[in-house]
Protein chains: 2
Amino acid sequence: MTIKPSAETLARFAAVVGEKNAIRDPAGMAGYLREWRDIYVGKSPLVLRPSTTEEVSRILKIAHETRTAIVPQAGNTGLAGGQIPHESGHEIVLSLERMTKIVGVAPDENTLTAEAGATLKAVQEAAAAADRLFPLSLASEGSCRIGGNLSTNAGGVQVLMYGNARDLCLGLEVVLADGRVWDGLSHLRKDNTGYDLRNMFIGAEGTLGIITRAVLKLYPKPQSHETAFIAVPSPAAALSLLSLARELSGNRLSAFELLPELALGFTEKHMGVRRPLTQVSPWYVLAELSDPVSEAIVRILEEALVKGFATDAAVAASDTQRQDFWTIRELLSESQKFEGGSIKHDISVPVARVPQFLAEANAAVERFLPGCRFMSFGHLGDGNIHYNVSQPLGMDKGAFLDMWEAMNDVVFEVVLKHGGSISAEHGIGRLKRHRMRQIKSAVALDMMHGLKRLLDPHNILNPGKVLPD
Amino acid sequence: MTIKPSAETLARFAAVVGEKNAIRDPAGMAGYLREWRDIYVGKSPLVLRPSTTEEVSRILKIAHETRTAIVPQAGNTGLAGGQIPHESGHEIVLSLERMTKIVGVAPDENTLTAEAGATLKAVQEAAAAADRLFPLSLASEGSCRIGGNLSTNAGGVQVLMYGNARDLCLGLEVVLADGRVWDGLSHLRKDNTGYDLRNMFIGAEGTLGIITRAVLKLYPKPQSHETAFIAVPSPAAALSLLSLARELSGNRLSAFELLPELALGFTEKHMGVRRPLTQVSPWYVLAELSDPVSEAIVRILEEALVKGFATDAAVAASDTQRQDFWTIRELLSESQKFEGGSIKHDISVPVARVPQFLAEANAAVERFLPGCRFMSFGHLGDGNIHYNVSQPLGMDKGAFLDMWEAMNDVVFEVVLKHGGSISAEHGIGRLKRHRMRQIKSAVALDMMHGLKRLLDPHNILNPGKVLPD
């Protein structure tokens, strides 16, 4: 339904940013049209790289007038294809990568204001330079950008203590579909004056407006961490350990990651990682406390060992060792690539249901395709498991990957049975859009379509993403 | 613009809940038509007391069909008149007070599900019975109800650590204006599947839908508290103490309330409260740590005394003494009543600007009406001050209260200059609706009106509240 922009329209767009920042040659555009997993490769006549909110606004005014589709893109690290244009070749990419300013850091009010194109790492570093913490933390933090983090409501490894990107945002500046600018750059902790507009745009994946600036929450920098790598006999034991750790630490648990033995095997074999424990256990937990009472982790582990929630553990004795533990966690995705195809599911269920979910999903997958290897890891503390299924040994990779949708069907059925989410932290984008009717009620979809019509009446903002047709 | 419901329509409404729960006599209705500060006294032909979501849905279907205005009411403790019908006598009150079930408590997933009419106290107690904390805490907790807390995004004294009502909610069930029910009762910590619908209804004061159930977040019950009543020389010193306390406690500060000497004078004189400190100081802070490292409060106070951020302090040596400190805070509003009229402002500014705001607002008020007494107290940690102005001694109370709007003008000008909010935690209701054009941009108002049209096309849900005409 999108309209192919005319040469004249393209020239008008280019004039806003200047020829240097209006990329039209295929080589220059290539990096914007392909995401890093190579699942989506789009086409576009033009990539625009505006440098100010005002330029974004002028671009949207032209788009609104000419009914040209715009695909906003920040760090191009998204895992659901939301940032890639369709193959029609009609959609223009609007990259925010030149809008990287850290506009201000106010340690006395614990806020940081940044342009949408600032990388997450730059935001973290600006906070650290002011002796503060910006707690959002994820694998792609060196290249993902804060506008994308907010547009996808990114999660990561510290959600347990600090929440998702949504919880870390106080205010937004958004360019609307018609080019008007909403200045919602609040620095306030409390403001009950009318409807909540900020949260409409967070997690909307650029389909309701383009986030150009944000006011973010900062926290005191933790003075200490206690980190342990723990062998646990089962996911149920890990869950009991989670409760114990939250209670005995006085809620100082900032990360609680579950890893299967397969993960240690893969990272040892392919990435040369050394095991933290000599004991081989079916499951492990990487747990971290921030600013705990001294030796809290030791008291937790002692009780866990007595109660059988844990069978062995190593406490990081230095920052280097702490980093070594985290390296294992960070290398999991990469290590899987050496083991053939992997069908991935970014799911969540209510925290207490994770063990049951894993048992039922594994059984269902085993029925569907015997011999699959279960690389289920992730944020147990949030009920968010990256339920990744590595192909059976010896199977053809292509044949396995052809089963992606059918495998999803099998897994999602178990997820939905437990009131779970089929996209806990990666969003819908293009990847899961066709599932929306399966997972959302007619009432919910009706409200979502209503919001889309209200804020983007001509359907020019990232069309064909998130919502089903 | 509302339509007077016919006798037949009234009978249809009454039939949904049964005559016993359809109140029409003036004496029976009186308690629903008047709020506790007696600022608004409304009229209504009928008060409905449904007992299930299904009954609420049937009521809304009739209202939608007959274009009858519905005013949802929970605990009737709101401070902005949002829960009281207009004087037209056309609007029907829908009280949620019979829907009080605690539907479920799941300590292993840290959630509690309740009907909208459950009192905040009942929710707190159900959480405590499961050895968990529901941290929302405010003066009216014995009578306010969770549906009202969510509809006004209530704040209170623990926002610093746990956030507003919005931050404590995982899922909602909402009856829409046309009677359809949105089941958004998610128990998930992470779910990025489409637009955020929950936050539209939170803080919307019943103008976009009627919240009938909620899934709430629970926390581990703190094992220990350290509480201090601290004399500070100035708001600026209090702010420095705030930073110090957050950093030295490892972010364990759960409350940080500012009180002026006038507050201690009033509570001593009128409520018989004993001062915690012999020293008379222009300002005081009531600070509390939850689950701190042992004696953290002592280390904070030692450093604060050396640096001059504090001049004296008492640390609660028992739970009784802790409660005594909190009693002073809780009696502030009541103690003011003995000192004549009080013009109130529930404002917030960026935390670091509180001292400057207080200085400028006091100077402006003094110019406007010499002799006013400044009873400014509240949640300094959130930048939220209840900037209450007690009348000059000897002035006529009525003459003073006639200056309400003019006084608001003076104070709000200073609030807006500092990027603040004129309603930090009480909402807009009727009280501040006429200010919306002053404080919101045309773009913001346009989106808010769009949301209202989308979700309540016939303007039957709490009409004439929140949004300006």
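1. At 30% relative accessibility, Arg180(B) counts as partly exposed, a class that lies between buried (under 20% relative accessible area) and exposed (over 50%), as found with a 1.4 Å probe on protein chains only. Arg180(B) forms a salt bridge with Asp178(B), and the closest N and O atoms of this pair are 3.0 Å apart; the term stands for a side-chain nitrogen of Lys or Arg within 4 Å of a carboxyl oxygen of Asp or Glu. Asp178(B) is likewise partly exposed, with a relative accessible area of 23%. Elsewhere, Lys101(A), Glu115(A) and Arg213(A) are joined into one network by salt bridges that share partners.

2. A word on the basis of these values: this is a predicted model, in which local features need pLDDT of at least 70 and side-chain atom pairs count only at pLDDT 80 or more, while totals for chains, interfaces and linings use all residues. Residues are numbered from 1 along each chain as its sequence is written, chains are lettered from A and ligands numbered from 1 in the order in which they are written, and side-chain values use heavy atoms, with hydrogens and water left out.

3. On confidence, chain A has a mean pLDDT of 96, and 100% of its residues reach 70 or more; pLDDT is the predictor's confidence in each residue, on a scale from 0 to 100. For the complex, the predictor gives an ipTM of 0.96 and a pTM of 0.97.

4. Over all chains the structure holds 52 salt bridges. One of them pairs Arg275(A) with Glu261(A), where the closest N and O atoms are 2.5 Å apart. This pair links distant parts of the chain, with Arg275(A) in the loop between helix 9 and strand 14 of chain A and Glu261(A) in helix 9 of chain A, 14 residues apart; helices (H or I, at least four residues) and strands (E, at least two) are DSSP runs numbered from the N terminus. Arg275(A) itself counts as partly exposed, at 21% relative accessibility.

5. Another salt bridge is formed where the side chains of Glu360(A) and Lys417(A) meet, at 2.7 Å from N to O. Glu360(A) belongs to helix 13 (residues 354-368) of chain A and Lys417(A) to helix 15 (residues 404-417) of chain A, so the pair ties together parts that are 57 residues apart in sequence. Lys417(A) is exposed, its relative accessible area being 54%.

6. Ser281(A) sits in the loop between helix 9 (261-271) and strand 14 (283-290) of chain A, and at 3% relative accessibility it counts as buried. A polar atom of the side chain of Ser281(A) lies 2.9 Å from the backbone oxygen of Trp283(A). When residues up to four places away in sequence are not counted, Ser281(A) touches Ala231(A), Val232(A), Glu261(A) and Thr311(A), contact meaning heavy atoms within 4.5 Å.

7. In chain B, Glu261(B) is found in helix 9 (residues 261-271). A polar contact of 2.5 Å joins its side chain to that of Arg275(B); such a contact is a pair of N or O atoms within 3.5 Å, and within protein one must be able to donate a hydrogen and the other to accept it, with residues adjacent in sequence counting only if both atoms are side-chain atoms. Not counting residues up to four places away in sequence, Glu261(B) touches Arg275(B), Val280(B), Ser281(B), Pro282(B) and Tyr284(B).

8. The contact between the two chains takes 79 residues from chain A and 79 residues from chain B. The area buried between them is about 6400 Å², of which carbon and sulfur atoms give 58%; buried area is the accessible area (1.4 Å probe) that two parts lose on being put together, summed over both. In chain A, Lys190(A), Asn192(A) and Tyr195(A) lose the most area to chain B, together 16% of what that side buries.

9. Between chain A and chain B the count is 10 salt bridges, and Lys190(A) forms one with Asp382(B), the closest N and O atoms being 3.6 Å apart. Across this interface the rule finds 30 residue pairs in polar contact, both residues at pLDDT 80 or more. Among the elements that give two or more residues to the side of chain A that touches chain B are strand 9 (181-184), helix 8 (235-248) and helix 17 (442-455) of chain A, and helix 17 gives the most, with 10 residues.

10. Gly194(B) is placed in the loop between strand 9 (181-184) and helix 7 (198-201) of chain B, and is buried, with a relative accessible area of 12%. Leaving aside its neighbours within four places in sequence, Gly194(B) is in contact with Gly203(A), Ile428(A), Met436(A), Met448(A) and Val466(A).
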